[in-house]
Number of protein chains: 2
Amino acid sequence: MTHSNLLYAHSGGVTAVINATAAAVIETARSYAPRIGKVLAAHRGIGGVLAEDLIDTDALDETALERLARTPGGAFGSCRFDLPRDDGGAVMDRLFAVFDAHRIGYLLYNGGNGSMDAVARLHDEALRRGHPLQCVGVPKTVDNDIVGTDCCPGFGSAAKYLATSMLEAGLDIASMVGRKGSVFVLEVMGRNTGWLAAATALAADGDPERAPHVVLLPEVGFDEARFLQRVRETTERLGYCTVTVSEGIRRADGSLLMEKSRDPRGYVQLGGAGSAIARLLHEQLGYKHHWAIPDYLQRASGHWLSATDREQAMAVGRAAVEYALAGGGGQMSAIRRLQDAPYRWDVVAVDTRPIANLERALPSAFLSADGLHVTQAACDYIRPLIEGEFTQPVRGGLPDYRAFELPRLARLLPAWAG
Amino acid sequence: MTHSNLLYAHSGGVTAVINATAAAVIETARSYAPRIGKVLAAHRGIGGVLAEDLIDTDALDETALERLARTPGGAFGSCRFDLPRDDGGAVMDRLFAVFDAHRIGYLLYNGGNGSMDAVARLHDEALRRGHPLQCVGVPKTVDNDIVGTDCCPGFGSAAKYLATSMLEAGLDIASMVGRKGSVFVLEVMGRNTGWLAAATALAADGDPERAPHVVLLPEVGFDEARFLQRVRETTERLGYCTVTVSEGIRRADGSLLMEKSRDPRGYVQLGGAGSAIARLLHEQLGYKHHWAIPDYLQRASGHWLSATDREQAMAVGRAAVEYALAGGGGQMSAIRRLQDAPYRWDVVAVDTRPIANLERALPSAFLSADGLHVTQAACDYIRPLIEGEFTQPVRGGLPDYRAFELPRLARLLPAWAG
């Protein structure tokens, strides 16, 4: 078979378990030798494919793969890149030239909504060209907003980290109650959806007296008066109030409460909602205010992984290799929930065409009637995803993460000028 | 003995292991029954003593004490309170009235620099009055800035959390290198000293290519030009740069880079240095910028404790009870370093008078010559303090922290109007 090599690529923001997916892909692909030949990884995502910057994963022995499977971040490098539609096909031509030069018959693309669009389009392009490429999507995002899968690898660990953070910060601020009243605001990621914000509700475990007392979600228009009233009531009762705010909360008119920056391609980097909400509370109610912004920490928390999340990250990687071998180009390996308690799940193939570029928001059944919290149903959905602990080997008091050898393949094509 | 009861009080900001000290104090005091009678705890620190709001710790059985010893935050409540010097002795009179009403002969005061001032003054006042009170200080602060002890319980766990956070965020941003260059800034606590900022250097383990690439400390005047140059050089070499910034960094003229708010008593709540530095880098160098502010998360990280820190927190609590019984009023239980590697330490008594209200800054041997990082000597000092892991029992994917029963003693005095 001339195109027997497999290429794996990270796409978009990385997570605490995307390397677990990568390790599972590599291990599974090796088990199919010689049907699958070399297992390659793109350096820095699709940009590395265009640049013909490819890593030979043969350099990763079993010990290195075990380490890879527990190391946060994306060891091969990632990038944000949307396949252009207006370049006359130049990018597509280059990608297929690289696939041909390196006899790549399988492409496993590990990303979010935008990446599943790329999978669908690469698959269609392969069909159009009569090219043997099987391009399969592997889901990944802390935002948990991919349509077609019950949950997204990366979310469970970020959710566990954030719920734990709110639980612990809640114990801290409860210790420090004074006469004046105090508030604590935790700003979480999630872009346009409130899954990560909702996860912090697990800290309260259904008890309205426990942190977080308010959860502000992008799915609900921000109602300042109602919010201030709830914080005032809570603080008058308990002496303090804790608030989770999603980075992407919007006013009723749809405008973002805060927008940090917008890059030349229009990608909005969010941020600032946490300090804006904390300052609002300080100015309007006079309370002492603290806020935390975990930023990268929430999606890189390898020291406190959800074992369920990690297992799912590996399972979608393994399944994607199988789909590719079975001619399942254009599909994504998705997680299906079979049962809530005890939690049971499996992995199924879904077509990426109808799900590409969509965003799955919190369903209305997960939003409390007053718009200031989430329901028990939301907690019941999220709880199993954060369960299970993974013990990291430790060196000198810190998780024992180490650098990986990433030898590059010799380039065979002219340099890419794009 | 008429004054056989022991009173324990938290003071100032809480930590991930202050409850471990409290549990050790209670357990040790109980072992001295009937020489020590009841073991009481002040609700919300010295403010609770004034309000005669006292907790009967008999309600905490062995299981509860075990839980207390691993729960972050201060279970009995804390407060920031400086003993006034200009009230004609009204506060002192009230405190001793409460001690007498509840037959308190031992006061264990668990706090930082200001608290050691209170210990010294309460001891002197007891001597002046011929009162049997033995007031002993127990050190606690994530800032690690108490003079007279090699380190402060609370610091090791916060240091472990922050070094881990920088390590993990460093892996994340290294994955996301793009053409534009990107920076990550971690803002840490520490007030006027850079111990917590220095701790993040453990993530780099002496490798100048690894995060954090720059550590900005309050002990070094902020030199903007030199800082920008270092970040530019690093980003040109690696594609990204990571920076730790202490909340209390100052310009060369001594002014704070950012000051969030000042309460009526003059207590400055710091904050904003992280976003200020990130924005500076974005504006001056054009880099993509992210910043994290762990805030309370860094001092409440019970899910990732330093076992060494926790053991020291318990040891200073146990020793303080012994000092109180031996007539060691006015002393603080301090940690003494006997050896670096392998690390050996013990607990000794030090007089609080000469150390009260001082702040221990990073020694110059811990500051790199260029003022933009710390030395290997700093890492060698901090490393053993973050070592050892403690496994929290988990429930539903989160640390199994639960509320404590805190029954109050009946009040015997008129209400305090202060």
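A residue is described as buried when its relative accessible area is under 20%. In this predicted model, B:A22 has a relative accessibility of 0% and therefore counts as buried. The residue is placed in helix α1 of chain B, which covers residues 18-31. Leaving aside residues up to four places away in sequence, B:A22 is in contact with B:Y8, B:H10, B:L68 and B:F76.

The organisation of chain A was examined next. Its domain assignment gives two domains, of which domain 1 is made up of the segments 5-153, 306-358 and 390-399, while domain 2 spans 155-302. The centres of these two domains of chain A, taken over C-alpha atoms, are 32 Å apart. Their contact involves 17 residues from domain 1 of chain A and 16 residues from domain 2 of chain A. Between them, the two domains of chain A bury about 1,400 Å², and 52% of this area lies on carbon and sulfur atoms. On the side of domain 1 of chain A, the three residues A:R80, A:V142 and A:D143 supply 39% of the area buried against domain 2 of chain A, more than any other three residues. Zero salt bridges are counted between domain 1 and domain 2 of chain A, whereas eight residue pairs are in polar contact there, both residues of each pair being at pLDDT 80 or more. The side of domain 1 of chain A that touches domain 2 of chain A consists of seven nonpolar, six polar and four charged residues.

Salt bridges were then considered over the whole structure, which holds 48 of them over all chains. In general, side chains of opposite charge can pair when their charged atoms come close. Within chain A, the side chains of A:R121 and A:D117 form a salt bridge with an N to O distance of 3.7 Å. Both residues belong to helix α5 of chain A (residues 113-129), where A:R121 and A:D117 are four residues apart, or about one turn of the helix. A:R121 and A:D117 are both buried. A network of salt bridges in chain A links A:D93, A:E125, A:R128 and A:R129.

In chain B, a salt bridge joins the side chains of B:D93 and B:R129, with N and O 2.6 Å apart. B:D93 is located in helix α4 (residues 90-101) of chain B and B:R129 in helix α5 (residues 113-129) of chain B, so this pair ties together parts that lie 36 residues apart in sequence. B:D93 is partly exposed, its relative accessible area being 43%, and B:R129, at 32% relative accessibility, is likewise partly exposed. Another salt bridge of chain B connects B:R337 with B:D340, whose closest N and O atoms are 2.6 Å apart. In this pair, B:R337 counts as buried at 18% relative accessibility, while B:D340 counts as partly exposed at 42%.

Of the area that chain A buries against chain B, A:E168, A:Y296 and A:L398 supply 13%, more than any other three residues. Two salt bridges are counted between chain A and chain B, one of which joins the side chains of B:D172 and A:R299 at an N to O distance of 2.7 Å.

Technical notes: Residues numbered from 1 in each chain as written. Chains lettered and ligands numbered in written order. Predicted model: local features only at pLDDT ≥ 70, side-chain atom pairs only at ≥ 80, totals over all residues. Heavy atoms only, no water. Helix = DSSP H or I, 4+ residues; strand = E, 2+ residues; numbered from the N terminus. Buried < 20%, exposed > 50% of the residue type's maximum accessible area, 1.4 Å probe, protein only. Contact = heavy atoms within 4.5 Å. Domains from an automatic or database assignment. Buried area = accessible area lost by both parts, 1.4 Å probe. Salt bridge = Lys/Arg side-chain N within 4 Å of Asp/Glu carboxyl O. Polar contact = N/O pair within 3.5 Å; in protein donor to acceptor, adjacent residues only side chain to side chain. Nonpolar A, V, L, I, M, F, W, Y, C, P; charged D, E, K, R; others polar.
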